[in-house]
Amino acid sequence: MSGPWAPDFFWREAQRLGYVARSAFKLLQLQKQFKLIGAGASVLDLGCAPGAWLQVACRSLGPLEKGGTVLGIDLKKVHIPSHHCDSRVKTICADVMNLRKDQARAFSPQGMGFSVILSDMCPIVSGITTKDAALSCELGKRALSLAIGNSSCKNSSEFLGSFEDDTSENGVLRRGGNVVIKLLESKDTEAFAKFCKQRFRNVSWSRPKATRSSSKEIYLICQGLRCCKFSQGDVACGEVGDFFINWWLDHRRMERRYVSWLDIHQKINQSIELHRNIFFLTILLILYLKW
Ligand SMILES: C[S@@+](CC[C@H](N)C(=O)[O-])C[C@H]1O[C@@H](n2cnc3c(N)ncnc32)[C@H](O)[C@@H]1O
């Protein structure tokens with residue numbers, strides 16, 4: 001066979017190493033480069049069929065005793081591959097475009113959301129570049145909306161659009177979490193990066209080596225969800241508060257931990273108290289030295 005879909009080096013390597021598709025090498029490269037999935041992570045894999053990313057994600061969780069989960073969702077029914085997957089991998093058959101955030105959250109461990117969301121979803125390619133790119137953008141926006149919520153920050157709804165029946169505002173990505181979204185390159189893709197830069201600590205593009213040269217696909221890598229949106233139990237603190245908390249989290253490199261607003265409030269109070277004491281001691285010292 002010849003042409004763009006002919007078996008190539010990555011196809012043969014996938015066969016040799018027990019991966020169900022050559023796409024495994026894309027996630028392997030992204031994982032090596034960006035360290036997206038940590039041991040014991042909870043991963044949501046959107047558009048998971050035939051299951052190569054499920055295999056790579058499961059391997060990245062580390063040994064079984066480290067825990068973690070991988071939930072795959074696809075329009076097609078997926079048989080969990082026997083190689084590189086274990087009991088931590090589950091799949092469901094659903095259309096992500098119709099999946100509500102509260103439904104997705106219910107599938108996450110203890111309903112606490114996911115630490116990594118991967119979207120390798122792509123539309124059935126028609127060959128009409130603008131149409132394919134627009135459909136891919138829709139899938140990408142849906143993945144992002146599931147991850148961070150529609151009204152997480154200013155202009156979210158404007159960019160992500162609103163999805164019928166999905167009234168839940170909270171996204172299912174945990175604070176500090178990472179997202180990978182496949183898009184077909186077009187004039188609109190740069191807007192994704194611009195939008196995501198306000199919400200994530202690091203945003204970059206990657207075109208893994210296993211991507212076919214004829215393909216327009218490109219991956220948006222977003223790392224470290226900032227605390228734009230507050231999890232259940234937190235208190236929303238408005239724009240100034242958002243800015244301060246983002247700065248504070250960056251400063252303390254604490255994005256990967258769950259930090260509640262109450263923790264931050266306590267730290268601020270401690271800091272105010274310390275500075276007040278220093279101020280009074282300085283006044284006392286000045287008075288003492290004068291008299
Ligand atoms: C390139 S394949 C994913 C390959 C997969 N990452 C792997 O490594 O095995 C894209 C998948 O996205 C799925 N997909 C496209 N639109 C979808 C939607 N609205 N909901 C769920 N899955 C979707 C397709 O069914 C297809 O299986």
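**Helices, sheet and ligand shell in a predicted model**

Helix 2 (residues 24-34) and helix 3 have axes that come within 8 Å of each other and cross at roughly 30°, where helices (H or I, at least four residues) and strands (E, at least two) are DSSP runs numbered from the N terminus, and where axes are lines fitted to C-alpha atoms, for helices over the stretch in contact, with angles running from 0 to 180 degrees between N-to-C directions. Helix 2 is therefore roughly parallel to helix 3, a term for angles under 35 degrees.

The model is a predicted one, in which local features need pLDDT of at least 70 and side-chain atom pairs count only at pLDDT 80 or more, while totals for chains, interfaces and linings use all residues. Residues are numbered from 1 along each chain as its sequence is written.

In the contact between these helices, Ala24, Leu27, Leu28 and Gln31 of helix 2 meet Ala52, Trp53, Gln55, Val56 and Ser60 of helix 3, contact being taken as C-beta atoms, placed from the backbone, within 7 Å. The residues of this contact divide into six nonpolar, three polar and no charged, with Ala, Val, Leu, Ile, Met, Phe, Trp, Tyr, Cys and Pro counted as nonpolar, Asp, Glu, Lys and Arg as charged, and the others, Gly among them, as polar.

Helix 2 also lies across strand 5 (173-184), strand 6 and strand 7 (217-225), and runs at about 35° to strand 7. These strands belong to an open sheet of seven strands with mixed pairing, in the order 3-2-1-4-5-7-6, two strands being paired if DSSP finds at least two bridges between them. At the edges are strand 3 (89-93) and strand 6 (200-206), each of which pairs on one side only. Within the sheet, strand 1 (residues 42-46) and strand 2 run parallel and are joined by five bridges, and valine 43 stands opposite valine 70 in strand 2.

Two backbone details lie in loops. Lysine 35, in the loop between helix 2 and strand 1, has a positive phi of about 50° although it is not a glycine, and a cis peptide bond with omega of about 5° joins alanine 49 to proline 50. Proline 50 has its place in the loop between strand 1 and helix 3. Most residues other than glycine have a negative phi, and most peptide bonds are trans.

Which residues come nearest to the ligand? Of the 20 residues around it, these are Ser23, Gly47, Ala49, Ala52 and Asp120, a residue being near if its C-beta atom, placed from the backbone, lies within 6 Å. Helix 3 (52-60) and strand 2 (69-74) each supply at least two residues of the shell, which by class has 13 nonpolar, three polar and four charged residues.

Terms used:
Parallel < 35°, antiparallel > 145°, perpendicular 65-115°, else oblique. Contact = placed C-beta atoms within 7 Å.
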